[in-house]
Amino acid sequence: MEFRVAKDTFTKALQKIQGIVEKRNTMPILSNTLIEAHNDTLYITATDLEVGMKSSYPVNVIKEGKITVSAKKIYEIIKELSDEEIVFSTKENDWVEIHCGKAHFNIVGLSPDEFPYFPKINDNSFITLNNQILSEMIEKTSYAICNDETKFNLNGIFIKATTENERNVLRMVATDGHRLSVTEKELSGNISNELNKGVIFPKKGIFELKKMTEEEIGDIMLGFMDNSAVIKKGNTVIVMRLIDGEFPDYTKVIPTNNDKIIKILRESLLHSLRRMAILSSEKFKGIKLDVRNGSVEISSSNPELGDAREELEVDYQGEPLSVRFNARYLIDVLTILKEDEVELNLRDELSPIIMKPAAKNDFMSVIMPMRL
């Protein structure tokens with residue numbers, strides 16, 4: 001195999017797959033990328049058997065063929081080369097030769113025959129998702145994904161489409177058992193059977209999808225095959241294995257009678273919580289909210305460091321209430337919201353809080369309280 005490629009093109013192609021490549025080295029071939037050249041096109045493929053990515057780029061192919069090489073090492077080499085054209089060729093025994101200007105590398109490859117099969121994609125049943133909306137929905141849920149590997153059915157985002165009031169709605173849900181995040185947007189086009197039932201996208205696949213939405217403009221195509229989700233955008237295809245498990249019935253943990261409604265400026269609350277969290281305990285980040293008519297006092301104390309309190313004006317008329325929460329959970333929600341005003345819906349000291357934008361109903365976060 002031999003091809004000529006611009007440095008920028010090759011660097012971009014190899015950078016894209018770095019997040020996919022298997023880091024734990026359970027199988028040596030999974031830390032490699034498959035490089036194929038035919039019909040004046042370069043194909044770069046990487047997989048960890050859970051999430052796979054394949055991209056194509058126009059290049060000058062002199063001799064067709066394929067090889068696999070260490071994804072990390074070749075990326076580091078190509079990134080540091082000069083801006084001249086790169087000549088990439090294979091030799092006997094799966095060795096690879098790279099020329100660029102006066103630089104010359106010989107590196108060891110592995111036979112492409114060992115590389116896992118990447119499925120051929122059928123374009124028939126894709127739905128189109130708006131790039132920006134998808135990016136925003138992932139941002140509003142991914143922070144709440146569970147990191148405990150034993151709770152495998154929570155290690156991702158639950159995605160479901162439903163029809164409500166004659167409009168199709170796409171909903172994303174994530175929870176780690178302490179907090180729950182739900183966001184929804186209107187969906188155009190038909191709903192596939194998989195989305196109608198609900199599917200769980202794995203955490204790694206979600207973060208690759210998020211990167212894809214941020215890279216360049218253009219809509220995302222979503223389809224399903226063999227218990228996997230297929231995502232297409234431009235010259236790139238991602239195939240991710242769906243999490244095989246039941247997502248818990250999240251509707252049961254959303255409180256229905258939180259009647260104490262507090263409206264507060266998002267920026268003021270965010271910065272106050274950050275200040276108060278400085279003196280909370282490192283492990284639990286516990287802060288206390290004392291709500292009164294027209295004000296809320298936020299306080300924290302730590303026997304080893306001291307205590308702090310701050311009062312903020314709020315829009316609230318009702319009975320006084322004291323609740324304690326993990327400050328980090330509240331801060332995470334306020335950080336991903338963009339609206340000027342947020343709404344806190346409370347009931348009593350032991351009930352979860354609902355946080356949402358004051359003027360919209362397309363997002364909510366439910367956070368469990370800490371014991372007072």
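Start by selecting helix α1, residues 7-16: α1 lies across β1 and β7 (86-90), and its direction makes an angle of about 105° with β1. Bear in mind as you click around that this is a predicted model.

Next, bring up the sheet under that helix's two strands. Five strands make up an open sheet, ordered β5-β1-β7-β8-β9, with antiparallel pairing. For the edges, pick β5 (60-63) and β9 (103-108), each of which pairs on one side only. Look along the sheet and you'll see a twist that averages 15° from one strand to the next.

Now zoom in on β1, residues 2-5. Three bridges join β1 to β5, and the two run antiparallel. Select Glu-2 and you'll find Lys-63 of β5 standing opposite.

What does Phe-3 contact, leaving aside its neighbours within four places in sequence? The list includes Phe-10, Ile-35, Ala-37 and Leu-42, a run of Val-59, Asn-60, Val-61 and Ile-62, and also Ile-86, Val-87 and Phe-88.

Then zoom out to the largest nonpolar core, which has 97 residues.

As background, nonpolar side chains tend to be buried together in soluble globular proteins.

Notes: Residues numbered from 1 in each chain as written. Predicted model: local features only at pLDDT ≥ 70, side-chain atom pairs only at ≥ 80, totals over all residues. Heavy atoms only, no water. Pairing = 2+ DSSP bridges. Helix = DSSP H or I, 4+ residues; strand = E, 2+ residues; numbered from the N terminus. Axes fitted to C-alpha atoms, helices over the stretch in contact; angles between N-to-C directions. Contact = heavy atoms within 4.5 Å. Core = buried A, V, L, I, M, F, W, Y, C linked by side-chain atoms within 4.5 Å. Buried < 20%, exposed > 50% of the residue type's maximum accessible area, 1.4 Å probe, protein only.
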